[in-house]
There are 2 protein chains.
Amino acid sequence: MQTIHPAAAAAIAALAPIFGDRLATSASVRAQHGGNEAHYPEAPPDAVVFPETTQEVAALLRICRAQGCPVTAVGAASALEGHHLPIHGGISLSLARMNRVLAVHPQDMDAVVQPGVTRRQLNEELRATGLMFPVDPGADASLGGMAATRASGTTAVRYGTMRDNVLALEVVLADGRVIRTGSRARKSSAGFDLTRLMIGSEGTLGIITELTLKLHGQPEAVSAATCRFGSVAEAVDCVIATIQSGLAVARIELLDEMMLRGFNAYQGSDLPEEPHLFVEFHGSPASVAEQAEAFGDLAGEYGASAMRWTDRAEECRELWHMRHQAHYATGALDPGKRTLATDVCVPISRLAEAVTHAQSLARELNLTSTIVGHVGDGNFHCGLRVDPNDAEEMARLHRFTDALAENALLLGGTVTGEHGVGLGKIAYMTAEHGEAVAVMRSLKSALDPKGILNPGKMLPPQDEG
Amino acid sequence: MQTIHPAAAAAIAALAPIFGDRLATSASVRAQHGGNEAHYPEAPPDAVVFPETTQEVAALLRICRAQGCPVTAVGAASALEGHHLPIHGGISLSLARMNRVLAVHPQDMDAVVQPGVTRRQLNEELRATGLMFPVDPGADASLGGMAATRASGTTAVRYGTMRDNVLALEVVLADGRVIRTGSRARKSSAGFDLTRLMIGSEGTLGIITELTLKLHGQPEAVSAATCRFGSVAEAVDCVIATIQSGLAVARIELLDEMMLRGFNAYQGSDLPEEPHLFVEFHGSPASVAEQAEAFGDLAGEYGASAMRWTDRAEECRELWHMRHQAHYATGALDPGKRTLATDVCVPISRLAEAVTHAQSLARELNLTSTIVGHVGDGNFHCGLRVDPNDAEEMARLHRFTDALAENALLLGGTVTGEHGVGLGKIAYMTAEHGEAVAVMRSLKSALDPKGILNPGKMLPPQDEG
């Protein structure tokens with residue numbers, strides 16, 4: 001077999017006796033691990049390895065470090081910025097077989113899991129306990145991947161992101177050392193926050209091999225609603241008023257006119273193609289009723305119409321299932337193209353500006369773009385339909401993503417609220433962080449001096465930064 | 001003047017023309033900055049410098065780095081583990097004059113402050129906005145110091161710690177470079193989490209010169225209660241049930257028998273010397289009433305008696321003022337001695353064990369110890385009265401703190417939930433973190449290769465670690 005990375009052949013030879021048939025070099029397995037949900041070109045690894053224990057991950061890293069062979073971790077591969085693509089070849093380290101829930105501690109409301117456990121799998125296992133893991137990016141992502149990308153999603157406005165819901169990690173470093181970054185205590189002031197340093201590091205500082213997660217009580221009552229607004233600005237003003245009023249909204253999502261068109265195309269429905277908010281409240285029956293009423297009053301003040309409430313669990317699930325199909329519903333527009341999903345996050349006071357800017361930009365550049373947003377956090381996503389083989393369209397796309405990122409920074413925000421840097425946001429890291437990029441580079445050199453972990457991601461090349 | 005640190009004289013000579021009378025070398029100012037609230041020996045700096053701008057902090061660090069002179073930041077000096085004591089001499093960098101609230105953004109519910117602003121000062125300035133900064137360690141600490149030590153306190157169970165309530169920092173690095181670690185966006189996945197790396201780093205990785213803080217709405221209604229329990233175990237079991245029931249308690253504090261004795265001695269009161277819980281709920285009038293009733297029922301099941309509720313703001317303030325006098329109330333026991341305050345944090349299911357172990361330990365070792373705890377987080381504090389000149393008593397004290405820390409680790413917890421490492425917990429860092437201490441050391445070397453920032457704190461010397 002001809003390998004892509006010069007060090008891969010030697011690494012594979014050393015790994016083969018340890019992993020046996022859990023090391024795959026077949027074209028099909030390599031191709032499968034070189035693809036992605038987004039628009040990035042395929043980038044197959046030289047081999048895919050499926051470790052089952054922390055010790056195996058450590059052995060793999062010791063070998064790859066000795067050979068100078070790249071190692072790119074992959075969980076459920078649901079990332080939207082190509083994080084898991086081994087663009088320089090080398091080894092794809094799949095966590096798919098490290099997928100056991102190791103312990104659930106109901107009294108302490110925490111769980112210990114392997115990184116390949118998906119969020120749905122964990123919530124299935126928790127169902128009888130009355131507890132849940134609330135972070136919900138839509139996709140059935142692996143929990144290791146969610147930590148590595150600092151994922152969040154619809155419920156972050158109430159329950160926080162992965163940053164807030166991981167108590168501790170076990171991590172294998174580039175040289176094979178295994179560390180624990182915390183305990184099951186709810187808080188600690190004992191030393192540097194290595195847990196948060198690893199969360200969002202996208203596999204560039206270490207490989208997460210175990211997570212201790214905070215759990216939350218399943219809400220006693222749930223109430224969800226949809227409503228229409230005359231404009232995105234009115235919908236967003238309603239969101240600002242909702243957050244400021246102290247209503248503990250569990251989800252509050254904006255969907256723009258084009259997104260509704262996408263849903264109609266995808267599911268053959270006949271929804272009015274106007275801006276919508278989808279909201280949900282969690283709590284005791286009395287507090288949910290109180291909050292739903294307060295939200296209804298507020299929404300009315302901002303011109304909401306056609307408000308429909310439900311407190312039936314099945315209908316709530318259907319509503320969020322539909323919302324989480326946004327990526328595929330976008331795909332129903334302009335058939336034959338691919339979807340580029342990009343996100344930014346701004347202070348909520350600037351959100352209406354940011355969203356309307358994105359809408360005008362897409363119109364000006366003649367691009368089809370849906371917008372959905374976790375608007376309680378100031379975070380929104382654009383789903384753009386593009387043909388990767390159409391150079392002129394791709395040029396317009398890049399003008400869009402550049403202007404979107406630039407505007408987010410101008411408004412005091414960030415170039416990605418939850419999708420992460422991966423391949424798509426590297427170009428904006430220096431604009432966002434300035435000198436802090438050099439600090440990130442120092443940390444990377446300190447922990448991975450040979451640069452074997454997910455090379456080519458997160459940090460721009462030195463001469464550009 | 002004879003300096004303690006060999007590089008201090010040259011650094012002071014270079015700093016003098018820049019800082020003029022904002023550089024103090026008088027014995028009184030040095031002595032004032034060499035003291036502490038706890039039991040640590042005095043450690044005066046060679047000079048105290050009072051910068052007023054970020055640029056001045058950067059200039060100071062460039063000079064001290066060139067000379068190899070230690071720099072130890074100090075805010076309100078309310079730390080309990082000696083964090084701000086310049087044990088190797090050098091410069092005390094006082095942030096006292098960087099004490100302006102730079103901006104309040106009510107729509108975004110955030111504020112930008114200089115590090116010398118204290119939490120009470122900020123809340124005074126916020127009063128008319130309907131917003132508040134909730135993190136409340138008791139002392140009127142500076143916000144820079146609270147971030148540097150990852151402070152929390154009574155309200156962390158509801159609002160989180162400094163880790164959760166800082167959006168971004170401006171930091172001056174050891175070489176004088178100035179970085180920003182984030183934006184005003186509520187969340188971001190753009191790069192390594194430098195904000196969290198700096199929070200809790202105790203001035204060993206950089207000097208915080210500006211903070212962007214999350215604000216919260218002032219609660220519409222507040223209700224607080226005190227109640228007595230027959231034993232610490234029953235009180236803690238009530239806390240576990242409260243947390244598990246999903247009641248969004250804003251504060252829930254345990255005070256043990258000895259702590260009540262301290263309050264009686266301190267304030268001349270006649271409270272029953274039995275374990276107590278102090279609780280508080282925040283929310284709408286209806287939700288506070290609902291939660292208060294639910295808590296009352298629960299507490300009754302665990303044998304609570306003498307439950308007294310108030311929803312009058314003045315009485316709530318008095319209650320928490322009293323609670324926050326715990327350090328001084330401890331000081332009313334065994335007059336003439338000093339108070340060593342130490343804290344640990346364990347999974348809540350192990351809290352009763354941990355507290356009763358600490359009580360027995362104090363009795364066995366014939367030490368006077370009060371216990372107060374932020375029990376919703378599994379965090380509790382022991383206040384021990386000791387005579388630092390009594391070597392035999394100090395030996396018993398160290399047996400106590402060693403056994404307390406060891407037991408916390410045995411129970412799956414941490415050697416400090418909120419006080420930080422400072423001088424007092426260095427000895428336990430390797431026991432808690434193992435190989436991760438080496439990682440912390442790598443990060444320290446990457447960001448402060450000459451080791452000028454707060455030397456002698458946080459990380460054990462290499463040969464011990």
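This is a predicted model: local features need pLDDT of at least 70, side-chain atom pairs count only at pLDDT 80 or more; totals for chains, interfaces and linings use all residues.
**View 1. Strand E12 of chain B and its two partners.** Eight bridges hold E12(B) and strand E14 (residues 276-283) of chain B together, and the two run antiparallel. One pair to look for here is Val222(B), which stands opposite His282(B) in E14(B). E12(B) also pairs with strand E15 (residues 305-310) of chain B, again in the antiparallel sense, over four bridges. Within that pairing, Thr226(B) has Arg308(B) of E15(B) as its bridge partner. Strand E12 covers residues 221-228 of chain B, and seven of its eight residues are buried, so the strand is largely enclosed by the rest of the structure.

**View 2. Helix H11 of chain A and what it packs against.** This helix spans residues 285-301 of chain A, 17 residues in total, and reaches 25 Å from its first C-alpha to its last. That is close to the 24 Å expected at 1.5 Å a residue. Which residues of H11(A) are buried? They are Ser287(A), Val288(A), Glu290(A), Gln291(A), Ala292(A), Phe295(A) and Ala299(A). Within chain A, the buried residues of H11(A) pack against strand E12 (221-228), helix H9 (232-244), strand E14 (276-283) and strand E15 (305-310). They also pack against H11 of chain B. Just after H11(A) comes Gly303(A), with a positive phi of about 80 degrees.

**View 3. Arg312 of chain A in its loop.** Here we turn to the loop between E15 and helix H12 (313-324) of chain A, where Arg312(A) has its place. Is Arg312(A) buried or exposed? Arg312(A) is exposed, with 12 other C-beta atoms within 10 Å.

**View 4. The contact between chains A and B.** Chain B gives 74 residues to the contact and chain A gives 73 residues. On the side of chain B that touches chain A, the elements giving two or more residues include helix H7 (162-165), strand E9 (178-180), helix H9 (232-244), helix H11 (285-301) and helix H17 (436-447) of chain B. H17(B) supplies the largest share of that side, eight residues. By type, the residues on this side of chain B divide into 26 nonpolar, 31 polar and 17 charged.

**View 5. The two copies laid on each other.**

**View 6. A four-stranded open sheet in chain B.** The strands stand in the order E1-E2-E4-E3 (chain B), and their pairing is mixed. Strand E1 (23-24) and strand E3 (71-74) of chain B are at the edges with a single partner strand each, so one side of each is left without a neighbour in the sheet. E3(B) pairs with strand E4 (residues 91-94) of chain B in the parallel sense, over four bridges. There, Val74(B) has Ser94(B) in E4(B) as its bridge partner.

Note on methods:
Residues are numbered from 1 along each chain as its sequence is written. Chains are lettered from A and ligands numbered from 1 in the order in which they are written. Two strands pair if DSSP finds at least two bridges between them. Two residues are in contact if their C-beta atoms, placed from the backbone, lie within 7 Å. Ala, Val, Leu, Ile, Met, Phe, Trp, Tyr, Cys and Pro count as nonpolar, Asp, Glu, Lys and Arg as charged, and the others, Gly among them, as polar. The expected span of a helix is 1.5 Å times one less than its number of residues. A residue is buried if 20 or more other C-beta atoms lie within 10 Å of its own, exposed if 12 or fewer, and partly exposed in between; C-beta atoms are placed from the backbone.
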